[in-house]
Amino acid sequence: MKVKVSEINNKCDNEVVNTDITASIGDLLLDAGKISPSDVERIIAFQKQKGVYFGEAAKALGLISDDDIQKALSNQFDFPHLMASEESFSSELAAAYQPNSAQVEALRAVRGQLMLRWFIDVHKTLALISPSRNEGRSCMAANLAIVFSQIGERTLLIDADLRQPRQHALFNLQGGYGLSDVLAGRADLSIATRTTVFRDLFVLPAGTVPPNPGELISRGLKNCLQQLQIQFDVILIDTSPTEQGLDAQLIASLCGGALLVARKDKTKLDALQMLKETLQDTGIQCLGAVLTDF
């Protein structure tokens, strides 16, 4: 997915990745099981002989790969991301797999604008809204949540698309309860899952697809958000497309603000303009639009 600005290892429990920024590359490689204690002596001897860095020496000896070095460096600099060989999440999550790509740089630009314009003072929640399906809204919400977490913002991604949810698939979460179950009183907010790779990122999946999404959202989401705002710095909410009902507008009204998502060569300008005007007429602040291209 490309973005223009004008615009989880499936093991998702409470384990936190070791990101001791004071640890050496050797310690990190040892902790990761990439080298053994007996390898360390060989590496250090080679390092002294050739005058190279520890990682370069280990690679020259055939003990580790470039990916192993990059992974260790990402932990050392507290910048978690995944290697291409780690099929923990969907490949659509560019922020997880390609942190140095142009499209993730564009995501960081969106994050910067939102930090300046919205996530200041009392604002902690933001709805991502699109007119139709297949416009990149869920993918945008997930990638934005990752880049917010990468700067240490305690971030919660809520899948409030209770009609055709996607976040559980993007983050490879296996079934279980979610937002709909919380709103129906069948679970509590502790079911929000902390990702193992991104320690500041939590995901609350949609849960059971209910027969009455609009009624559930109207009934209990406000109270949920009030509780969650105490615990998180940034709460991003993925919504169902506005063509499928008023769910997204209800959610945006609780947030007070919305980010519109449109897809190049698909989203009709008239539909986007109408959505913007509808939101503004009800007092919801439109912070801008993100154009996806994939």
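Student: Which residues in α6 are buried?

Tutor: In α6, the buried residues are Gln 103, Val 104, Ala 106, Leu 107, Arg 108, Val 110, Arg 111 and Leu 114. Buried means under 20% relative accessible area, exposed over 50%, and partly exposed in between, with a 1.4 Å probe and protein chains only. Please note that this is a predicted model, in which local features need pLDDT of at least 70 and side-chain atom pairs count only at pLDDT 80 or more, whereas totals for chains, interfaces and linings use all residues. Residues are numbered from 1 along each chain as its sequence is written, and side-chain values use heavy atoms, with hydrogens and water left out.

Student: What makes the span of α6 close to the expected one?

Tutor: The helix α6 has 16 residues and reaches 23 Å from its first C-alpha to its last, against 22 Å expected. The expected span is 1.5 Å times one less than the number of residues. Helices here are DSSP runs of H or I with at least four residues, and strands are runs of E with at least two, numbered from the N terminus.

Student: Why is Thr 195 called buried?

Tutor: Thr 195 has 0% relative accessibility and therefore counts as buried. The residue is placed in the loop between β4 (193-194) and β5 (201-204). A polar atom of the Thr 195 side chain lies 2.6 Å from the backbone oxygen of Phe 198.

Student: Why is Asn 172 called partly exposed, and why does Asp 265 count as exposed?

Tutor: Asn 172 is partly exposed because its relative accessibility is 26%; Asp 265, at 76%, counts as exposed. Asn 172 sits in the loop between α8 (167-170) and α9 (179-183), and Asp 265 in the loop between β7 and α12 (269-281).

Student: What makes a set of residues a nonpolar core, and how many residues has the largest?

Tutor: Such a core consists of buried Ala, Val, Leu, Ile, Met, Phe, Trp, Tyr and Cys residues joined through side-chain atoms within 4.5 Å. The largest has 37 residues, and those with the most contacts inside it are Leu 114, Leu 144, Phe 171 and Leu 236. The helix α7 gives the most to this core, with eight residues.

Conventions:
Polar contact = N/O pair within 3.5 Å; in protein donor to acceptor, adjacent residues only side chain to side chain.
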